[in-house]
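Subject: Structure handover

Hello,

Here is the structure I promised to pass on. Please have it open while you read.

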Amino acid sequence: MTKIYFPRELFPLAAIISQLFDLMVASAALVVMLAVAGIGVSVQLLWVPILLTILLAHVLALGFLFSALSLFFRDVKYVLEVILTFGIFFTPVFYNVELFGEWAPILMLNPVAPLLEGLGACIVHQQAPALGWLAYSAAVSVVALALSYKAFRALEPSFAEYI
């Protein structure tokens, strides 16, 4: 870590890129399931790479931030597990946002929610995602990525001391 320089960003990037392989396998299974269900291909599928790119930027932001913090504070790993466990209930993974009526905009403030809703709209319902919420999510993801990368780079000189 101290003798030879290499980009430390490779550690969180490697963890995220390895999960992209899982996403490709799951996407192939999803294509088969959609074909069996009779859901065809539409032009709205062109939104999927855009949505996944924004989601990747958001995940990279969280990856840079929490990988640096977990090096200095060992309990971050456990706190993050609890946050993610409860966070899944505030993100429309298992439910549709429209179920909450007037509370739906509050749930959409989670920057991942517009992306998941947009993926559902594009893939299953063959509709375009809500552009306002998509812009909000993209802005939050880009700002978070810039800030977390800056924090990662600021903390990088002291990484070797804590390993």
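Below are notes on one helix, the nonpolar cores, the ring pairs and the salt bridges.

First, the ground rules. This is a predicted model, so local features need pLDDT of at least 70 and side-chain atom pairs count only at pLDDT 80 or more, while totals for chains, interfaces and linings use all residues. Residues are numbered from 1 along each chain as its sequence is written, and side-chain values use heavy atoms, with hydrogens and water left out.

Helix H1

Start with H1, residues 10-37. Helices (H or I, at least four residues) and strands (E, at least two) are DSSP runs, numbered from the N terminus. H1 has 28 residues and reaches 40 Å from first C-alpha to last. That is close to the expected 40 Å at 1.5 Å a residue; the expected span is 1.5 Å times one less than the number of residues. Glycine 38 follows H1, and its phi is positive, near 85°.

Which residues of H1 are buried? They are Pro12, Ile16 and Leu34. Buried means under 20% relative accessible area, exposed over 50%, and partly exposed in between (1.4 Å probe, protein chains only). Their cover includes helices H2 (47-72), H5 (113-123) and H6 (131-155).

Nonpolar cores

A nonpolar core is a set of buried Ala, Val, Leu, Ile, Met, Phe, Trp, Tyr and Cys residues joined through side-chain atoms within 4.5 Å. The largest has nine residues: Leu34, Val48, Leu51, Ile54, Leu115, Leu119, Cys122, Ile123 and Leu134. H2 and H5 are the elements that give two or more residues to this core. H5 has the largest share, with four residues. Apart from this core lies another, of eight residues, among them Ile16, Leu60, Ala68 and Phe159.

Isoleucine 123 touches Leu30, Leu34, Ile39, Leu45 and Val48, not counting residues up to four places away in sequence. Contact here means heavy atoms within 4.5 Å.

Ring pairs

The whole structure holds four aromatic pairs. Rings of Phe, Tyr and Trp (its six-membered ring) pair if their centres lie within 6.5 Å; planes under 30 degrees apart count as stacked, over 60 as edge-to-face and the rest as tilted. Phenylalanine 64 and phenylalanine 152 form a tilted pair, 5.2 Å centre to centre, with 50° between the planes. Phenylalanine 64 lies in H2 and phenylalanine 152 in H6, so the pair ties together parts 88 residues apart in sequence. Both are buried. Ring pairs also link Phe64, Tyr149 and Phe152 into a cluster.

With 4% relative accessibility, serine 148 is buried. Serine 148 touches Ala61, Phe64 and Leu65, again leaving out residues up to four places away in sequence.

Salt bridges

How many salt bridges does the whole structure have? A search finds two. A salt bridge is a side-chain nitrogen of Lys or Arg within 4 Å of a carboxyl oxygen of Asp or Glu. Glutamate 9 meets arginine 153 at 2.9 Å, N to O. Glutamate 9 is in the segment before H1 and arginine 153 is in H6, so this pair ties together parts 144 residues apart in sequence. Glutamate 156 also meets arginine 153, at 3.1 Å, N to O.

Glutamate 9 is buried at 8% relative accessibility, and glutamate 156 is buried at 11%. Arginine 153 is partly exposed, at 35%.

Best wishes
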